[in-house]
Amino acid sequence: MSEIAVVARPQAPSTGRFLRRALRKPLGVISAAYLVLLTLACVLAPLIAPYAPLDEDLTHVQGGPSGAHLLGTDELGRDVVSRLLYGGQLTLLGVVECVAVLLIISLPVGLAAGYLGGWVDRAVSAAVDLLLSVPGIIVVLAVLAVFGSSMTAAMVTFGVLGSAGVIRVVRSAVLSVREELYVAAARVSGVTEPRIVVRHILPRIAGPVIVQASLFAAIALAIQTGLSFLSLGVAPPAPSWGGMVGEAASLIDQDGWLLVPSGGIIALTILAFGLMGDAVRDATVEGWSARSAPAIRTVRRPASPTSTPASVPIPAGPEPGDDAVLTVRDLSVSFDAQDGPVTVVDRVSFTLGAGEVLGIVGESGCGKSVTALSLLQLLPPNGRISGGRVLLGDQDLTAMSERQIANLRGNAMAMVFQEPTVSLDPSFLVGAQVAEVVRRHDRVSRAAARRRVLELFEQVRLPDPAGTARRYPHELSGGMAQRVCLALALAGRPSVLIADEPTTALDVTVQAEILGLLRQLRDETEMSIILVTHDWGVVADICDRALVMYAGQVVEQAQVGALFREPRHPYTLGLQDCNPQRWTGDGDLPVIPGTVLPPASWPTSCRFRVRCRFAESDCGLTPIPLEHSTGEHGADDREVRCIHWHEVAPARSA
Amino acid sequence: MRTLIIRRIATAIPLIVAVTGVTFVLESLVPGNTARAIVGASGSPAAYQRLRAELGLNNPLWDQYWQYINQLVHGNLGTSVFTGEPVSTLLNQRLPVTLSLVLLATAFCAVVGVLLGVISAVRGGIVGRAVEILSLVGLALPGFWVAIILAAVFAVTLRIFPATGYVPPSASVSRWLWALTLPVIALGLAGVASVAKQTRDSMKDTLAREYIRTLRASGIGRRSIIWKHALRNGAIPVVTVLGLVFVSALSSTVFVEAVFVLPGLGSMAVTATSQHDIPVIEGIALYFTVLVVIVNVLLDIVYGMLNPKVRRS
């Protein structure tokens, strides 16, 4: 017994578990029960069928359903129920033959390909590819032509042809299981290979195999009945389901009833095989993904966001100033989770002046990006603005329809994102993408749009504007892609640019270039910028003012200079202390202990308390308001959400 | 891109060898072979032996196969045991019917399936449920039965469409379409559902991508985002499904052509099977295989057109 086997002693998932889970699906259970009953009824046809399948009663020709003939009689007065039961014997036998051949071939071959790998795998894959391109039905017909009318030969052939698809499934299932810990552990501890296959691999791939067998049974049934419908493989007057459809079809202009029982039993049985396969598949998938199931459900977003006032009275936010381009008041955002809505942004207020650069700073999970996305109402489907207002000039964005908002996007407010290379449509030339946005805002000719694209590319300092326009996103570096994204954002001449971590995904040198570009653009265009970042270097470099967010709330807001000189919230102080650029190199890089809690567990009192070194008992009693605190330049230019802020600033120098 | 297509065509060669080989071996293995079929059950053993020698059936198998392949390369698929006509002539007469049917069915699936898929991805709701139900129905109802019901309702009862027969498009395009409407629906019903499902899944996936958010943030309208950007990016798996739809429609012509009495390859395969006309069956197997190969090559070209990463490398 080796160490690995001792350390990693993972449990092999049992076969029985997902079968039990499959049986919990009502449709799966009904289907399985139907198939069992049907099989029994057909096997026992000689005992339970009311008539012999060939008994003719020419006095009751094409009689509809009656007490004596539950499903009526056909054109020779033969009982439909009896013929269905006897006919089912041949049909179901064909399905069983087909699926048996399928499994006999695909299980060993698929196992060998997946488990042994190497040339075996390559040879099998080549053969599978070949077999998958063969028009199966014609080969089956060829076999029927040669072997007289042997349905068995036809179904066996179809099973052989169908095995290609199942081999592929078995192979990939084996591949995924082979490397798992419990198999590796078994191998290391000296279990023989055949035993590993039987004990550990077979149970695990049973799910996908049952699914495939079940779905293939549905196809086999369709083929079997189709062939007997064409009178191939079964000779009338022997009863068969397909043959009964054929007989009914010839009477179509007299009476349609006979099509119903014959077609109905075929459809029901195919459906039962299909649904049983689906149920087993769902059960298998659940078994594998039960732990990683997402906690947040997708819920449809209501047509217009509700802007109900927040329930707790809060101090009024800043009034829109004369030069305010954007005023955000008490903005709250919530997401629908399994246990109801969870508020992830809680009454955020700020104003943005013309040409001002405002930073929003905080750790991941504090609501910075969600705040930014909600301004343009670009939240994911399960998120919505649950309160507050976003005023652009004097227009209230939260009261607008989706169409009105769409008209503001790009020209009043535009946005650039963190990952430039995935933020561009991979299927279109970047020039064409920017041109589409230009034409959306400017309504100019294609040629004029092309010229404007080149101007924009020059504006964002792309070295070769014409060449870049003819490239696809995957042919650009990260820095170039971010410049294209900026060009896209500038195309509508926005008055506000929201940049969500625009440099985080880029190399350090490129980061500096993009920041420099943002500063230049601000100077050239008088555009206001909201910059979401976790990087104090970026804040110091470009922002005029910054908003520090923690757990969905603004905890501090001040001019950047004041914020660095005299942080007043313990969180601001903590963040600045663990900024590597400020670190002197003595001892460990300081960190704030703990992490941001998930939104559902945020307390009503101070949310930072559990991580705060200034915390006292009074911090946990009531909600802490965001209060104006007097700054060095006057009364209202900074805010802090801490009742002990007076103790924080002195701690910096200490 | 070009090498990709060449490679595709090259892989078709073993496929054609395999398919012809399988049908060929079947033919020679079995008592009901060509000589017996021609002489008939009542023919004298002497006549049978003479014919065997004449047809080269006494030569070693690989030799016979070599002969067959040789003939094949020269466009000679043998003669029908039943009518004595060259197989290639028979098949070429019937190919347009089957091609019309299968191409129209694929187009029908593409248009209706993509439409339903996009709507159910964007709106969900009733259309989404309809797609679910349609895919169950499409799976459950055998094509030949759907064909009969369609014929019963729309041709026999309502008399809107003809129940049987084929009109070549050279005679009248509208009557050609008219005659093929019901068979195309019968062939395409299952395919519509699978195209719709694939379109929905792949649209949902693309609509959640970051570039869609960028486009929305830039003010691009909903219509362009859905029909231009999301559909274009979600199209590749849909095209794959359309290829499968083509192949399965091709197979289903065997049943559907029989119901609507269309003079295509599918109904010919059925007749040839019951007449043990092996050369004809072999010919049809070859034609079908070649059609599948052509579709695969076309798919590769379409992939390249849809995916700039493939095209530019």
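This is a predicted model: local features need pLDDT of at least 70, side-chain atom pairs count only at pLDDT 80 or more; totals for chains, interfaces and linings use all residues.
View 1. Helices (H or I, at least four residues) and strands (E, at least two) are DSSP runs, numbered from the N terminus. Local features need pLDDT of at least 70 and side-chain atom pairs count only at pLDDT 80 or more, while totals for chains, interfaces and linings use all residues. Residues are numbered from 1 along each chain as its sequence is written, and chains are lettered from A and ligands numbered from 1 in the order in which they are written.

**View 2. An open sheet of 4 strands in chain A has the order β2-β1-β4-β5.** The pairing is antiparallel; two strands pair if DSSP finds at least two bridges between them. Because β2 (340-353) and β5 (395-396) stand at the edges with a single partner strand each, one side of each has no neighbour in the sheet. Look next at β1 (residues 324-337), which 10 bridges join to β2(A). One bridge to find pairs A:Leu331 with A:Val348 in β2(A).

**View 3. A:Ala173 sits in helix α8 (residues 151-178) of chain A.** Is this residue buried or exposed? A:Ala173 is buried because it has 22 C-beta neighbours inside 10 Å; the cut-offs are 20 or more other C-beta atoms within 10 Å for buried, 12 or fewer for exposed, and partly exposed in between, with C-beta atoms placed from the backbone. Leaving aside neighbours within four places in sequence, A:Ala173 is in contact with A:Ile205 and A:Pro208, where contact asks for C-beta atoms, placed from the backbone, within 7 Å. A:Leu202 is 29 residues away along the chain, and its C-alpha atom is 9.8 Å from that of A:Ala173.

**View 4. Chains A and B meet through 62 residues from chain A and 56 residues from chain B.** On the side of chain A that touches chain B, the elements giving two or more residues include α10 (193-229), α12 (259-289) and β6 (413-416). Helix α7(A) gives the most, with 10 residues.

**View 5. Helix α6 of chain B covers residues 125-140.** Its 16 residues reach 23 Å from first C-alpha to last, close to the 22 Å expected at 1.5 Å a residue, a span worked out as 1.5 Å times one less than the number of residues. Among the buried residues of α6(B) are B:Val131, B:Leu134 and B:Gly138.

Technical notes:
Two residues are in contact if their C-beta atoms, placed from the backbone, lie within 7 Å.
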